[in-house]
Amino acid sequence: MSKDFIPAAKPIIGDEERAAVDAVLRSGMLAQGAEVAAFEQEFSQVLLDGRAAVAVNSGTAGLHLGLLAAGVGPGDEVIVPSFTFAATANSVALTGATPVFADIELDHYCLSPEHVASLVTERTKGIMPVHLYGHPANMPALAAIAEKHGIALYEDAAQAHGASLDGRRVGTFGTFAMFSLYPTKNMTSGEGGMVSTGDADVERTLRLLRNQGMERQYENELVGFNARMTNLHAAIGRVQLTKVGGWTETRRANAAFFDANLTGVGVPAVADGAVHVYHQYTITVPEDRDGFVKALKDEHQIGSGVYYPIPNHRLPSFDRVEDLPNTEKAAAVVVSLPVHPSLDDEDRERIVNAVNTLAKAGA
Ligand SMILES: *Cc1c(COP(=O)(O)O)cnc(C)c1O
């Protein structure tokens, strides 16, 4: 077959991004400066209903610094999902605290509030849900647990720019939240992360930690990092911020088309009151998932992704024995189809026909 390959993800970089980077290059002001400050302001207005935003050089750095700024450290426990990208638990471990792995609910693949509640100890400092695939976690139930025990809520919103629950945006629930700006995410700055917080002390500590602990030059107040975003990356992010709303609508329209036309596979559910931004459109294929992925690629020239094949607790880096049945089940059956805004009508038809054909053949 000679059809063009449809990739699982495709960052959209256009003339405006190139011109914005060129303007920064011409200015000579390459490192963190006015572009970064403007990006923070605009991100706050467009995606956070005005909550403060602090830019850093990766999403992972954002989680790490957010946890440190929230006072997480050795002796503390933070409850996280195991069914996520390793950066979630890595960032907890890097503070010296212990990530405690909780199970997920199979309908939306986000933390199970019931299981989280059973894991709270006197060492628990906070709960960090992931809005996985762009679907908001059950924040009201998790907030009730946090309030009952006097512990904090943090958000890994790496995949969920623009998602909301009951009209409230993700990134405005936790002490802090992190949005990744990696190229495959719903918007990008090349590499980068944005941390939101409504707590002025946490915001100030974040700004110190990303810049060697300095507010005034050479008067370091604490031991910090160089986690600064560059003006070059911020310039890309500012352009992308003007487009992310339209891209999200296209993702949602692509998802609605798949919902209406896929047969023989499990399609993603959406909770009442949730706005899903479809970082991934994740189906379930219970029979021979890996064969399905291979056939999609080899026979139909369609890319897909398995996020995530090995739950974090079983990675060599953590190597824990846990009983997380929904996590194990999800890891065995999920496949994410291309849902990105570059798909055209023909691509969407090809994806539906390929998936339905393979599902029928496997049944
Ligand atoms: C991408 C991602 C991260 C890390 O973000 P980077 O910008 O790649 O460092 C963390 N958590 C989740 C759930 C992610 O998808």
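Which pocket is taken by the ligand? In this predicted model, the space that the ligand takes is the largest pocket. The shell around the ligand comprises 16 residues, and the protein buries 93% of the 380 Å² that the ligand exposes when taken alone.

**Residues around the ligand**
- Among the 16 surrounding residues, the closest are Gly59, Thr60, Asp156, Ser180 and Lys185.
- By residue class, the shell consists of eight polar, six nonpolar and two charged residues.
- Helix H3 (59–69), helix H4 (87–94) and strand E9 (176–180) are the elements that each give two or more residues to this shell.

**Polar atoms facing the ligand**
- Glycine 59 places a polar backbone atom 2.8 Å from an oxygen atom of the ligand.
- Aspartate 156 has a polar side-chain atom at 2.8 Å from a nitrogen atom of the ligand.
- Glutamine 159 has a polar side-chain atom that lies 2.8 Å from an oxygen atom of the ligand.

**Alanine 86**
- The loop between strand E2 (77–81) and H4 contains alanine 86.
- Alanine 86 has a relative accessible area of 18%; this value is under 20%, and the residue therefore counts as buried.
- Alanine 86 and alanine 361 are 275 residues apart along the chain, and their C-alpha atoms are separated by 34 Å.

Definitions and conventions. Residues numbered from 1 in each chain as written. Predicted model: local features only at pLDDT ≥ 70, side-chain atom pairs only at ≥ 80, totals over all residues. Heavy atoms only, no water. Near = heavy atom within 4 Å. Polar contact = N/O pair within 3.5 Å; in protein donor to acceptor, adjacent residues only side chain to side chain. Areas by Shrake-Rupley, 256 points an atom, 1.4 Å probe, with all protein chains shown as cover. 1 Å grid on protein atoms, 1.4 Å probe; cavity = no way out; pocket = protein on both sides within 12 Å on 5 of 7 lines; lining within 4 Å. Sits in = over half its atoms within 2 Å of the grid points. Helix = DSSP H or I, 4+ residues; strand = E, 2+ residues; numbered from the N terminus. Nonpolar A, V, L, I, M, F, W, Y, C, P; charged D, E, K, R; others polar. Buried < 20%, exposed > 50% of the residue type's maximum accessible area, 1.4 Å probe, protein only.
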